[in-house]
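Hi,

Here is the model I said I'd pass on.

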Number of protein chains: 2
Amino acid sequence: MPTITSFEVADVRFPTSLQADGSDAMNKDGDYSATYVTLHTDGTDAAGKELRGYGITFTIGRGNDIVCMAARELAQRLVGRDVNAMVNDMGGTYLSFSEDSQMRWLGPEKGVVHLALSAVMNAAWDLAGRLAGKPVWRLLAEMPPEQLVDIADLRYLSDVLPRERALEILQDAAPTRGERIAQLEAQGYPAYTTAAGWLGYSDEKMVRIIGEQEKLGFTAVKLKVGGSIDDDIRRCRLARETIGPDRPLMIDANQVWDVPTAIDWVGHLAQFDLKWIEEPTSPDDILGHKKIRDAVAPIGVATGEHCHNRVMFKQFLESGAMDYCQVDAGRLASLNEILAVLLLAKHFDVPVCPHAGGVGLCEMVHHASMLDYVAVSGSWDRNITEYVDNLHEHFVNPVKVANGRYQVTGDPGYNTEMFTESIAEFSFPDGTYWAGTRN
Amino acid sequence: MPTITSFEVADVRFPTSLQADGSDAMNKDGDYSATYVTLHTDGTDAAGKELRGYGITFTIGRGNDIVCMAARELAQRLVGRDVNAMVNDMGGTYLSFSEDSQMRWLGPEKGVVHLALSAVMNAAWDLAGRLAGKPVWRLLAEMPPEQLVDIADLRYLSDVLPRERALEILQDAAPTRGERIAQLEAQGYPAYTTAAGWLGYSDEKMVRIIGEQEKLGFTAVKLKVGGSIDDDIRRCRLARETIGPDRPLMIDANQVWDVPTAIDWVGHLAQFDLKWIEEPTSPDDILGHKKIRDAVAPIGVATGEHCHNRVMFKQFLESGAMDYCQVDAGRLASLNEILAVLLLAKHFDVPVCPHAGGVGLCEMVHHASMLDYVAVSGSWDRNITEYVDNLHEHFVNPVKVANGRYQVTGDPGYNTEMFTESIAEFSFPDGTYWAGTRN
């Protein structure tokens with residue numbers, strides 16, 4: 001009967017702003033960071049080591065300390081819990097955090113507290129996978145539909161997705177799960193790369209990286225836009241010439257435009273046959289996204305990395321404002337809320353193309369995509385999951401990508417464990433790296 | 001040339017959960033709390049005392065420490081600023097906080113960081129009013145429209161409210177401002193009370209308080225609902241019998257229902273001739289509020305106290321989901337964002353009826369309502385601002401209510417200064433009250 005005995009929360013920050021990795025029109029100088037939660041237990045895993053759970057939410061620097069503080073307040077509530085009871089009722093574990101009406105006032109279900117809940121529940125999911133000796137996508141994808149539906153946070157969704165409809169979706173996919181697991185194991189899950197497209201990169205660097213990525217099997221290319229229209233026209237033309245007429249080209253504005261500007265700006269870039277415009281405006285502007293979508297079609301509108309909870313996804317999906325559903329494993333409050341959004345997206349027939357990159361997002365979202373394929377949507381024809389080859393070296397079990405696709409690894413848990421050496425070096429402000437910058 | 005020299009942030013919590021004051025279906029045990037920011041300067045006010053600014057955001061207990069931490073990170077940025085330069089460009093002062101793209105990731109513009117920005121900017125506004133020797137509503141209402149429009153945060157609103165339209169609204173109201181200021185000074189601004197309606201109160205206590213409030217001139221009554229339908233029917237019947245057929249009766253569910261439940265539940269209470277149903281469901285569910293509104297009309301839908309920024313208000317107003325616009329002076333990021341919402345509400349012809357109560361909200365929102373009447377909507381025919389007679393004794397210049405209306409006080413600033421004795425007693429966890437509870 002193992003018990004959760006203690007926890008740690010580390011404020012980990014990587015100095016990515018030095019290389020302009022991750023630079024875009026809104027986020028010019030992000031230091032990719034993680035609120036990193038470790039749950040300790042008095043149990044042992046299959047290898048005879050201490051059973052633990054590791055969870056992450058992603059931020060881009062300043063303020064990560066605030067998320068860490070919130071994560072400590074939440075993680076404390078898991079101390080003393082029986083591990084088996086917790087993992088056997090992950091729906092109830094998740095809901096137990098919502099019982100605190102005082103903390104709820106700070107959102108509800110958005111901002112710092114929700115990011116912190118994501119980190120804590122991600123650690124609980126990692127622990128659940130390790131205890132079962134399975135990747136979390138498989139742990140979930142092997143549950144009977146009647147059990148799986150109770151994992152999903154369906155609160156406030158019943159007007160469009162009653163529990164019976166959610167269950168029906170899962171039941172429809174259940175008989176053919178095995179076929180899709182076999183396909184996943186043989187082929188991996190479709191991915192695309194943002195590696196070439198950061199706004200801080202020169203044209204030469206962009207073209208070079210597109211070529212490198214093509215050799216790795218990535219056929220789709222995404223560019224950051226929104227700094228200057230002349231630059232964007234030049235860069236889109238260059239990228240389209242480099243990849244040829246048939247491969248997908250996407251653009252991402254990271255929220256810098258208002259609605260009229262988005263429509264005008266994308267209009268100037270439409271000549272380059274774009275698959276989607278990502279985050280054209282405020283992530284809260286559902287009706288604005290719908291206006292943009294109607295104006296720029298057949299270019300699709302993609303958004304979701306800043307969509308703060310399942311109720312917001314319900315707005316975007318029901319109103320037809322979102323063509324590509326970019327769930328984020330650190331923004332939504334763990335797989336409980338992600339599963340609800342996967343179900344909503346299936347119900348509204350919108351493909352899920354998760355946001356990744358950052359710190360650990362690729363590691364986590366490939367579980368969401370595999371779960372979606374096997375147990376929810378049953379399709380990958382329109383789906384591609386983001387991949388960025390950055391900071392994976394800090395992970396004990398990083399994702400594996402080959403032929404432009406996320407591969408099934410079989411690692412138990414959520415792939416969220418980082419090396420203790422990385423934590424020691426990049427903890428802020430007292431890790432060896434940051435302490436060194438003050439000398 | 002006074003300068004901002006330092007700041008303090010206090011975590012102030014009042015043990016209101018002991019009396020069930022403030023109890024509702026979602027928030028059963030709130031300890032009304034304030035993130036309380038003090039800006040110090042090396043200048044003096046008209047009375048020869050140190051010129052300071054005091055700002056508040058309201059929470060209900062646990063987690064207030066997290067908001068305080070975020071407020072410290074933001075307030076630090078004002079230290080060293082020239083006071084005159086700051087108050088002469090409050091639009092620019094406000095926008096300077098949005099330049100931090102790293103912190104932006106934690107929202108954007110929602111949750112803990114946005115609450116903290118509200119507290120810090122509320123302190124800046126209090127300072128601006130004190131420096132001018134005027135209440136902040138009057139400081140703003142006396143600005144030329146061309147200056148006032150630049151106070152408003154109009155980012156992401158241009159598709160429905162271009163700057164020219166916002167300016168037009170302010171210009172239309174400008175010639176008759178003086179008449180309305182005179183009316184305000186003579187009559188005060190219409191208010192209603194929630195004093196009788198807390199869910200934790202007995203029937204007898206509710207009826208007694210309705211009677212007491214009537215003697216104070218309050219004609220409208222609001223009841224908390226959503227615990228049990230039988231209780232709600234009994235309490236609404238009793239309240240309606242007590243106030244008679246002509247006075248307004250409102251109900252407030254504090255987000256406890258999903259959409260189908262809200263429609264069904266309100267249907268059972270419609271017989272009591274309700275003016276509005278407040279917060280029937282998730283504050284993020286714009287389309288859900290619209291469905292409820294369409295189903296329960298002519299009962300109006302009121303929401304806004306958890307509406308986290310002006311972009312969300314744009315959704316509610318443009319989609320016709322909101323009949324009464326309940327801006328909150330601690331949820332929105334100060335008068336810069338409130339003014340934008342006042343302009344939106346005027347554009348869509350929806351009355352503004354601010355949320356109040358809590359700690360200091362009445363003190364702040366009466367400025368918003370007076371500004372709206374004088375300089376924006378120019379009307380108070382459909383407006384009533386919430387009033388709760390609770391915790392005002394901790395304020396140096398509390399609001400004054402007479403004949404059921406907020407009175408013009410003339411106090412310079414934002415009425416946000418609390419007594420140092422109150423801070424010393426109720427600071428958490430080391431104030432004398434809280435230290436005493438641990439003995």
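To start with the aromatics: over the ring of which residue does the charged end of Arg405(A) sit? That would be Trp380(A), with the charge 4.8 Å from the ring centre. I count a charge as sitting over a ring if NZ of Lys or CZ of Arg is within 6 Å of the ring centre and within 35 degrees of the ring normal. In chain B, Arg405(B) has its charged end over the ring of Trp380(B), 4.9 Å from the centre.

Some ground rules before the rest. This is a predicted model, so local features need pLDDT of at least 70 and side-chain atom pairs count only at pLDDT 80 or more, while totals for chains, interfaces and linings use all residues. Residues are numbered from 1 along each chain as its sequence is written, chains are lettered from A and ligands numbered from 1 in the order in which they are written, and side-chain values use heavy atoms, with hydrogens and water left out.

Trp380(B) also has a ring partner: Tyr189(B), at 6.1 Å centre to centre and 75° between the planes, which makes the pair edge-to-face. (Rings of Phe, Tyr and Trp, the last by its six-membered ring, pair if their centres lie within 6.5 Å; planes under 30 degrees apart are stacked, over 60 edge-to-face, the rest tilted.) Tyr189(B) is in strand S4 (189–193) and Trp380(B) in the loop between helix H16 (361–376) and strand S10 (385–387), so the pair ties together parts of chain B that are 191 residues apart in sequence. Helices (H or I, at least four residues) and strands (E, at least two) are DSSP runs, numbered from the N terminus. Buried means under 20% relative accessible area, exposed over 50%, partly exposed in between (1.4 Å probe, protein chains only).

The whole structure has 30 aromatic pairs over all chains. One of them is Tyr433(A) with Trp434(A), edge-to-face because the planes are at 90°, with centres 4.9 Å apart. Tyr433(A) is partly exposed at 24%, whereas Trp434(A) is buried at 11%.

Two strands pair if DSSP finds at least two bridges between them. S1(B) and S2 (33–44) share 9 bridges, and Val9(B) stands opposite Val37(B) in S2(B).

Cys325(A) is buried at 0%.

Last one: Ser282(B) is buried too, at 3%. Beyond neighbours within four places in sequence, its contacts (heavy atoms within 4.5 Å) include Tyr156(A) and Val311(A), plus Trp257(B).

Cheers
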